[in-house]
Protein chains: 2
Amino acid sequence: MTAVLVIEDDDRIRLALLLALEEEGYTAQGAATAEEGLRQQREHPADNVLVDLMLPGLDGYECIRRMRRDDDVPIVVVSARDDTHDIVAALEAGADDYLVKPVAVKELTARLRALRRRGRARTTPVTAQVFGDLEISEEAGEVRKAGRPVPVTRTEFRLLCELADHAGRVLSRQQLLSRVWGYETGDERLVDVHVGRLRQKIEDDPANPRHLVTLRGLGYKLQR
Amino acid sequence: MTAVLVIEDDDRIRLALLLALEEEGYTAQGAATAEEGLRQQREHPADNVLVDLMLPGLDGYECIRRMRRDDDVPIVVVSARDDTHDIVAALEAGADDYLVKPVAVKELTARLRALRRRGRARTTPVTAQVFGDLEISEEAGEVRKAGRPVPVTRTEFRLLCELADHAGRVLSRQQLLSRVWGYETGDERLVDVHVGRLRQKIEDDPANPRHLVTLRGLGYKLQR
DNA sequence: CGATCGTGTGACGGTTGTGTGACAAAAGAG
DNA sequence: CTCTTTTGTCACACAACCGTCACACGATCG
């Protein structure tokens, strides 16, 4: 028996979803607020969570982030908003899927099955990339040097993640401008400056970088 | 580095997807038929697969089922059909997600990230061409001699890559001038000079080169 | 054997690429 | 709102790199 938790403030929609899910053979429970949903999931963990984005008090994004801190349950957003920006934000917050209202129950259950098939493969709470004594946790938004947190700015963090995601590979200034800043054209000096600032924070000897190295004429790369 | 395989018969859509994915930092390869896609995935497994439903010959559903037999790579359907029945069928066949054309690239990449977060992240390692104790990694922008990094300049690196990409074949000075420097006309001495400098760095005995050899009157070649 | 062509190499000035400090605009915190 | 932090721009200095040239040397051929 599969249990589903539905976090949705609109009573009619929540009840309709609960009924439809039970009709399909699920055990379903509802919550009208994020706080209530988080509490229920903590006390009686369900196998799947459906969550609306527009909730009173804590909104859906925040609800997802908090639930993700200590639970790997598949989370599906069910929202009236059909906008790329919302979808991306919800997935980045930790959601696994996003459905636009009104939802077809058959599609919903098919997607829940697909998610459960994937399984809760991940047991490690957060994954970090390691480069010597440098750790970069993309999900935790954190950089550590010899175990100690390093305060990096948002731009520096994105730059570092982009380099880490392509560890060992050269990225040209142009690629970095495009991927980190979204500029299709711009002053490549900008990249230099931020690389320099990053080096001050993450390199033992910023003048002789061991990780964030320059490949003259090619670009930068991050190596282990 | 994350590799994505795009199986889509419409050339324009396939190319657009490949370009957009590369822009976002993925390595992307395409296939126009299900058969070709299955073959590619068997020989060079990608980390994610995008597949269209309407394909000539084997259709998308069958393609998914066959791929699922021996690969649990995350599969995302990208289809023009926005119908619950199709969505359910695709998910039942083994797909992990379903997007309706036209797709927003940002949403697509966010969903790919979400999927990879679920499964174990598979990334393709950096590759290098090997010539005896000489290794040339185009993506890492690096040349190694007996395992040790050799500092080469940008021009030397490009020259070496060009020769390595045509390993064992002679390239005339003119071809090299054109491909490495972009000169359609110019002093061929230039090539000699750079070949010489390169030999100093990568050959044990630069006076008697074993890899970067001269073919008098013809040009140069790189041999294993 | 001598003339000629093709190739290797050292040296040198001009150019380009990169790092950095200073500064102003913009964003964010209080 | 003000103060602080972050971000982007600019100018400049320095080092690395590039292309050119001159010349030496060996191969090739008549």
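Predicted model: local features only at pLDDT ≥ 70, side-chain atom pairs only at ≥ 80, totals over all residues.
Visitor: How are residues and chains labelled, and which pLDDT limits apply?
Guide: Residues are numbered from 1 along each chain as its sequence is written, while chains are lettered from A and ligands numbered from 1 in the order in which they are written. Totals for chains, interfaces and linings use all residues, whereas side-chain atom pairs count only at pLDDT 80 or more and local features need pLDDT of at least 70.

Visitor: Within what arc do the buried residues of α6(A) fall?
Guide: In α6(A), A:Glu156, A:Leu159, A:Leu160, A:Leu163 and A:Ala164 are buried (20 or more other C-beta atoms within 10 Å of a residue's own, C-beta atoms being placed from the backbone). An α-helix has 3.6 residues a turn, so residues three or four places apart point the same way. Seen down the axis, by the directions from it to the C-beta atoms, the buried residues of α6(A) line one face, as they fall within an arc of 130°.

Visitor: How many charged residues does the surface near DNA strand D have?
Guide: 22 residues surround DNA strand D (C-beta atom within 6 Å of it), and A:Arg154 is among the closest. Counting Asp, Glu, Lys and Arg as charged, the surface near DNA strand D has 6 nonpolar residues, 6 polar ones and, as charged residues, 10.

Visitor: In β5(B), which residue is the bridge partner of B:Val76?
Guide: β4(B) and β5(B) run parallel, joined by 4 bridges. B:Val76 of β4(B) is buried, and its bridge partner in β5(B) is B:Asp97.

Definitions and conventions:
Buried ≥ 20, exposed ≤ 12 C-beta atoms within 10 Å, placed from the backbone. Helix = DSSP H or I, 4+ residues; strand = E, 2+ residues; numbered from the N terminus. Pairing = 2+ DSSP bridges.
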